[in-house]
Every structure is written in C-alpha cells, then in structure tokens.
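User: I would like a close look at a single part of this model. Please keep it brisk.
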Amino acid sequence: MTWNDMIYLLPEIILTVGASVMLLVPVMGARGTKLSAKWMMIAVLAVTAISLIVCSHAVETIVQSRQLQAMFALDAFSIFFKLLFIAAIGMLVMLSEDFLAESRYSPWEYYSLLGFALCGMMFMASGVHLITIYIGLELLSLSSYVLAGFYKSELKSTEAAMKYFILGAVSSAILLYGISLIYGVCGSLNLQDIAAAMSTIVQNDALMFGIMLLGAGLCFKIAAVPFHVWTPDVYEGAPTPISAFLSTASKAAAFAIFARIFYVGLHDFHLGWSNVLATISALSMILGNLAAITQDNVKRMLGYSSIAHAGYILLGIISLNTLGLRGILVYSIVYVFANLGIWATVLMLRRHQYAGERVDDFEGLSHRAPLWAFAMVIFLLSLGGIPPTAGFIGKYFLFAAAVKAGFGWLAVIAVLMSAVSMFYYLRLVVAMYLREGIEAEFAITTPLKIVAGVCLAVTLLLGILPAPMIDQVIASSNNVAVRAGLTPHAGR
Amino acid sequence: MGILNIVTYIPLIGAIVILFFVRKENGPAIRYTATFFAVVDFIVSLYLWFNFDPHGKGVHLFQFRETYTWIPSLGVQYDFGIDGISLLLILLTTFMGIIAVVSSYAAIDHRQKEYYILLLLLQTGMIGTFCALDFFLFYVFWEIMLVPMYFIIGIWGGPRKLYAAIKFFLYTLTGSVVMLLSILALYFFNDGGIPFLNIKGLGNAATFSVLQYHNIGHLIPPTLQFWIFIGFFLGFAIKVPMFPFHTWLPDAHVEAPTAGSIILAAVLLKMGTYGFVRFALPILPDATKQLIIPIVVLSIIGIIYGALVSLVQKDMKKLVAYSSVSHLGFVMLGMFALNPMGLKGSVLQMINHGISTGALFLLVGIIYERRHTRMIADYGGLAKQMPMYATLFLIAALSSMGLPALNGFIGEFTILLGAANKSIVWASFASVGIVLGAAYLLWLYQRVFWGPLDNPANKNVPDVNRRELGMLLALVFFMVWIGIKPAVFFDIIEEPVNYIVQKVDPTYFARQPLTYPPAAPVVVSAVETTR
C-alpha cells in the first residue's frame, strides 16, 4: 500500500470518515444537535462525489501498486456505478427527512448507516477481486439489516430485519462457499486470473458447483426466483425510505458485481451457466409479474415488480455480449430513477399511521395533485417499458441482447411478461385517474418535489434523447467488455 | 424542420398550450383552442396534398423526406417521409382530428382540459406513425398512441370503461411487444446475424431504416421470414383487428366516448392494415406468399362473422363496431390478393371505412347525447321527428354498405375485382359479406327511422344542430367526392401500390405486360395494329 494508492481510495476514505463522524455527533452533546444531520450527509456525499471525479482524473497519471491493482479498480465502469449510487443515496436522503422527523429515532445513526452502506456499494463497484467484492457486499448487507429494522419498536420492521438478516447470512455463506471452491480450482480470487485459469479448464465439476453457489448467492442479493422469498416481506416491513433504498441503489450495486464477475471472471464457462441463469431469469419474470398482479399493498407490489426487473436484468448477463453489458448499465439508471420516483410518491401519501401503502390510497390523486399524478404515470410507463420513457431504451437493450445471443424463447417470455407487468402498473394509474373514490391525502414537501422532479426529468430526457447516455454507457463499459473478450466496436 | 414535422407536432404544441395557458374551468377556451390547432393542422396537411407528386418513383416514391441522427450508436435515425398511402392516411387523420374535437363539445362535460390534451397527443402519435420510415421511430410513435387512447376510454367511457380500457391496452401492447422482437430479428439479420442460431447476417451497417429492409427483404431465408412475419402479424392483426383477435374491439368501441370511437375506427384500426402494406408485405415476400391462404381464410371469416354478428346486435354502437370487423376483413382480403387492383382497393377502402364508419359513430353519438340510449328497440319512426338526421344517416349507411356513387362502392368493388382476379371463390365469399352488410344496415335503418313514432321519449328530440350538420356535411362531401372521382385517389396510390406488388412478386408486371404498368401510347398503338 503506497501513498499513491490512497488517491485511488480517497473517495471511500472520505466517505468512511464522514460517516464515522456522523455516528459520533450525537455523543458530543448539545453542540451536535445544532447541526442538521441531513445537510451534513449531503455535504459528505457532495465531497465524496467531487473527490471521486477529481481522483478519477488524477489516477490516469498515477501508478497503482500491484497489490491494490489485483483488488481494486477505479475504472470507467466503477465510476459510472459509483456516481449512480451517490446520486441515488442523495435522493434517498431527501426522501428520508420527513419520515425521520416523524419518528423518534436518531437521524444521525440512520444517515451514518446509509453512508456505510454506500461505502460498501462503492467497494463492490470497484472490486475486481472476489474478496473485495465480498467485503463490500457484507458492509452493504450489515448496514441494510440494521436499517431494515430501524423502527425497533414496530413489529413489522423487526420481523423484516430478522428475515432479511437470517436469509442474508445464509446466502452470504453460500456465496463464500462458492468463492472458496472457485479459489480451490483456479488458485486465485482476482477475476482476470480466474478467467485466465478457466480458459485452460475444459470440464470441472467442482468449479461448476462453485459457480452455481456463487450465482445462487448473487441471485439472493438481486432477489431472483427462487431466492426471492424475503423481498416482499422485507419491502413491506422496512421503513419506506429503506425499502426504496433496497429496491434501487442496493440492487444496482448487486447488478454491478453480477455483471463484473460473470463478464470478466466467468465468461469462458458461458455455456455452463447461461441456461441455468436463463431459467432463473424466466422464473423471475413470470413469478414476479404474476404475483405482483394480486398485491393490494403497493410496497409488496413493488417488491414483486423488483423481482421481475431482476429477471430482465439477468437477460443482460445471460446474453454475454456488448449489448447485454450496456443494457445492464442503461437499465440500472432507468430502473433506479423510475423506482425512486414511485417511492417518493408512496412517501408523499398519508393514510393512518403508514404512508400510502395501499393501492386505494392513490385514489383521486389526479384531482388533488395533477402534476404529481402525471409524473407517476411516466414512472410507471418507464417501468413497463413504454416509449418515450427511458424504460423503453433499457428494455430495448436487454431484449435486443437476448435476441442477438440466440435466446429467442427468453426474449418472448420477457416481452410478454412486460406486457403483463403493465396490468398492475395500470392499477395504480386506474386508482389515480379513473376511480372517483375517497380523495387521496398527502403532504408534498420540497425535498420530495425535488426528488420527483429529478426523476421525472431523467426518465423523460433519457427516453427522448438517449444518445448521450448511450455513448456514456458505451465508454463506461468498454474496459469490462474487453476483459470479457468482447470486441466492443463490432458488437454494436 | 420540414413540413412533416410541422404537421406531426402542431397537435402536440396545441396540447402544451392548453396545458399551460388555459384554465381548467374555462371550458369554451379549451374547446376552441383544441379546435384551432386541429384546424390549423388540417390546413397545413393540405400543403402535402397540393405539393405531393403522385408520379414519384424509386427514390422519389417517399417524399418530404427529413432525416436527422437520433441514436447513432444503435443506427437509429429520425426519418420521416410519406408515399401516397401515408399521404391519404395522414389527411384522413388530420380531418378526423377536427371531427373528433368538434364532436366532443357537448359530449364531454367533465375534465375537459385533460380530454382535449389527450386527444391532441393522440393525433401527434398517429401522424408520426404514418410518417416514420425508421422502425425504432415507428415503434415509439406506435406505442405513444396507446396511452392517450387508454385514458380517453378509461376516464370518459361508459359503464364498463375500466375493463374496456385495460383490455384495449393489454391486447395492443402484447401485439406490439412481439412485433418489437420481429423488428430486432430483422435488425440483427441486416447487421451481424445471430450466430447462436446459425443465422448468417448480411454484415451491413446497423440500421433501422425501413427502406433498407425493403431492399434486403428477399435475402432473408424463408424460415426466418416466417417467424418474423408471425411477430408482425400478431402486432398488426390485433390492431386491425382480424377475426380471432377482434374481441377487444366491441368492448373498446362501446365504452369509448363518441370521439374515441371515431378516432379508433377511422385511424387506429388503419394502423394494423398500414403496418401490413408498409412493412410485412414488402419486407417479407416469401412469408407473405406462404401465408396467403390462412390469412385470406381469416379475412373471409372476419367478413362474414362480423356481418352476421352485426345483424343480431341490439345496441347501435355495437352493431357499427362489429361492422368494422367485417369491413376490415375486406381490406385484408384485397391486400392479400397481392395484385395492384386488390391492393388499391384495399388502401382506398381504409380511407372509406374511416370516413363512413367515423360518420356512423358520430351519428350514433349524436342520438345518444339526446336520448342517452343506444338500444335500437328504444327508437322507431325517428324520420318524422328528425328528417335531416335521418337523411344523413341514410347517406352514411349507404356509403358504408357500398352503394354506387358513394365511396364504399368503389373500395369494395375494386377489392372484389382484385380478389376475383386471384380466385373467384374468395370473391364469392366476400360478396356474401356485401349482401349481409346491406342487410344489417338497412334493417337497422328501418327499425330506427321508419314505422310509427310510438316511444313518447322520442317525440321532442331536436334535429341536428348547425355544429353537427357542419361535421356531417363535411363527411358526406368526402363520401361523394371519392364516390364520383375515385381516379384522383387511385392516381395517388398507384405508384406505392405498384412498388409493393413489385416487392412481393417481382415478376408480376413481367407476366402481364399489356395491363401494367398502364403507361401508354405503346399499348394503344399495339391495340390499333391488331385491329
């Protein structure tokens, strides 16, 4: 570890220090209470983002030590995801403010846990070594378990945290076991070394088993069928901003490592794992979408919908071509922004002690808040993949990747299921526009407005003028594509 | 910014103006703003009519081209251009756009602002679909149309509006996402192929340009053509709607407000048939020829089934809705005769159906606004009470059933000629449909307008007012114009139709040198010498 290496890690270091300081503020007594936890968190995020951009330029001229190079990469791929995570966490901070104000729990702990989770996600995005990735994942998971149970006195929240923790711990163990088997066969945990070792192996059952276990562990993190059972319960029970966090930023981080591990490390065994993952993807799309239809609780519905979206994203992994890789990046943006917009709406609605959790709570929203209802329609259309929203561009990439890779049957399931998904997304539209029921109650605050406005702008802009985003995604994914043995320019 | 973009986006601008500058309580201002933009759009679209060169061939077949880069990394272009077929359909759209707006004045009394915004958005989507010469762009506009129509049915519809709106949305969405896969298969065939399935690509630069696919269509292996065709077929046949996929139509029509039904019948259904003539036929010639029989059988079933079901309807609107199934069957039949005569009739019949059925829906809407019932049994003897209405209804009905000197006759007759040219059996089945068409419409007319005026509720129904009369007379004008001067219209679609026939059946014209293409002093002199 040299001083130069510190530059590579500077954003993470700043974030860790910031989050630790925030944890200590409450114990500093009266002086601490004058500070606003929200603004301090936003300041930490801003500094992290700036340092990330500065460092990413600085490292072009700085040599990384061999040890760090094997563990950690500050490449275009990771920068892309890190900025996405920071943006998502920034918006989650906005979403959380009122929610925290109404509860009697300390915002300092809450934000500092979010900061640690972000730190874990940033390590995941940068990890090129299975141990780095695993540690990042654990940091994220442990913070998430605590956050899911943040409402200690509420039964539902505790239950969600308990379920999430037990299943998460088991899946981490499975993941680790898979990693150890891969290490046993390949002799290294660096993804490129693994790829190099695999290129000489024709058939190896231990390795295949290891890959399957690793895949199972990852599928738990992205909530793909049959490792999805925790999702609806946790989303329902966790505090709503945390459900939003789990379904957006946390999932995007899992997609990032999924893509990097399978594209860089395991591409030689494509034939071995592609059919298994294709089955998982098909099951996720079918079960997620069909189960979402019957849900009356919006948080559960979004939980099932996120299972289905994990299925779509898996198309990008399975197809193992440049289109698929780009599709994962594009879809991550699209999905995060559309979903955050919807969660902002859920948080805005008020009914009894909970936020707008039931489909009925949306009734008549178009009368009382027409602009907001319009934004909500755009978010839902984006999740359904209807042009001219960004969701269509994302789905286009993933479906095209599947067709290009010859997974025609999977593409057919995917498009049919995305038509099915419109059925339950439209249920919310029906409630907002077409039902003359009890008028929706809500409290629109400035932070919520900002989040919804940003999400709306991104969703529409990327849908109508996607070219700059696509160019950025191509630039960000090129190095991973090269490592995966794909020629980025011919593949289109 | 060329003329096609202007025509496409005027309604969108109108929608934005209403959204931001008109207060929602100010009903008249909303209505007149919407009308203003619809009328301006129609007037601007007339520019296309007067400046279109009907004899453009080859690179000049598609005119008013506008091409901009949009997503270069995917080969997506913003490419607009129209031939004679699109021209007529665009004019139909802008014209019916005015009718739709004006016919809603009295019918829509709540949430007017949203209503007119959606109506104008829908119009932008429809015109864009007819202009697009890039598959990606086409797909975007195609899907954009779905959302406003869903809301129009869902908010301002009848008692079962929720069911009808969702059914409409899901049916069409399912068709179009499957179509998207076909588009992708074409895209990869033109590009690098699909190695995994042993499909060799052509290695061309990635593009979504429709014209490029027109040129490479015959190179696609027949099996792949078949599957691509199936995808297109699902997308388009649901929209048409062809016989087994038609079940969304009666629900959507019956529940939609009058203007929704007018637009649905006049323009949205044409999207399906337009898709067939623009994409499926010229790009997939082998699959088209291979699937003639199944499609013609479905069309004939549609013609007769639609007519028979119309015959037994108790609800006027449902009757007109099912008659659409029958009429669109004719359009499909003429198209799959795959000769210039049949195709010309088919294209003209798309326009005719738009005008006639649009007029019938408008007429049903007018009486419904007065009496709030569409049941045939509630009426009788209306001719005495509403003579003007009765006359106009008669003209629309006659036009729809194909009386000579009105538009319907020209379309159906040409289709029958084209079909008979291919097989006399097809034509005989189709003519049964014409007879049944006369039966259900005349019987409807008899029950509603003749007989004693015995329902007291009908005794004080006012006749059509000036606004309604204006709309109906405009529609009647087009019925008569097409009926007595069809040559003007045939002239415009001559070249595109020959182009499509040439693509589907490259040797067609070589086989009949004397008849087609009908150019000719050469032909005349040949006839003279034989004398």
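How many residues of chain B are in contact with chain A, and which elements of chain B supply them?

Analyst: This is a predicted model, where local features need pLDDT of at least 70, side-chain atom pairs count only at pLDDT 80 or more, and totals for chains, interfaces and linings use all residues. Residues are numbered from 1 along each chain as its sequence is written, and chains are lettered from A and ligands numbered from 1 in the order in which they are written.

Chain B puts 31 residues in contact with 28 residues of chain A. Contact means that the C-beta atoms, placed from the backbone, lie within 7 Å. On the chain B side, two or more residues each come from strand S1 (63–71), helix H5 (135–144), helix H6 (146–156) and helix H7 (161–190). These are DSSP runs, numbered from the N terminus: helices are H or I with at least four residues, strands E with at least two. H7(B) gives the largest share, 13 residues. By type, this side of chain B has 26 nonpolar, 3 polar and 2 charged residues. Here Ala, Val, Leu, Ile, Met, Phe, Trp, Tyr, Cys and Pro count as nonpolar, Asp, Glu, Lys and Arg as charged, and the others, Gly among them, as polar.

Now the partner. Chain A has 23 helices and 2 strands. Its C-alpha trace spans about 65 × 60 × 40 Å along the principal axes. Of the 492 residues of chain A, 62% count as buried, meaning that 20 or more other C-beta atoms lie within 10 Å of the residue's own. Among chain A contacts between residues at least 6 apart in sequence, 80% join residues at least 24 apart.

Notes:
Buried ≥ 20, exposed ≤ 12 C-beta atoms within 10 Å, placed from the backbone. Contact = placed C-beta atoms within 7 Å.
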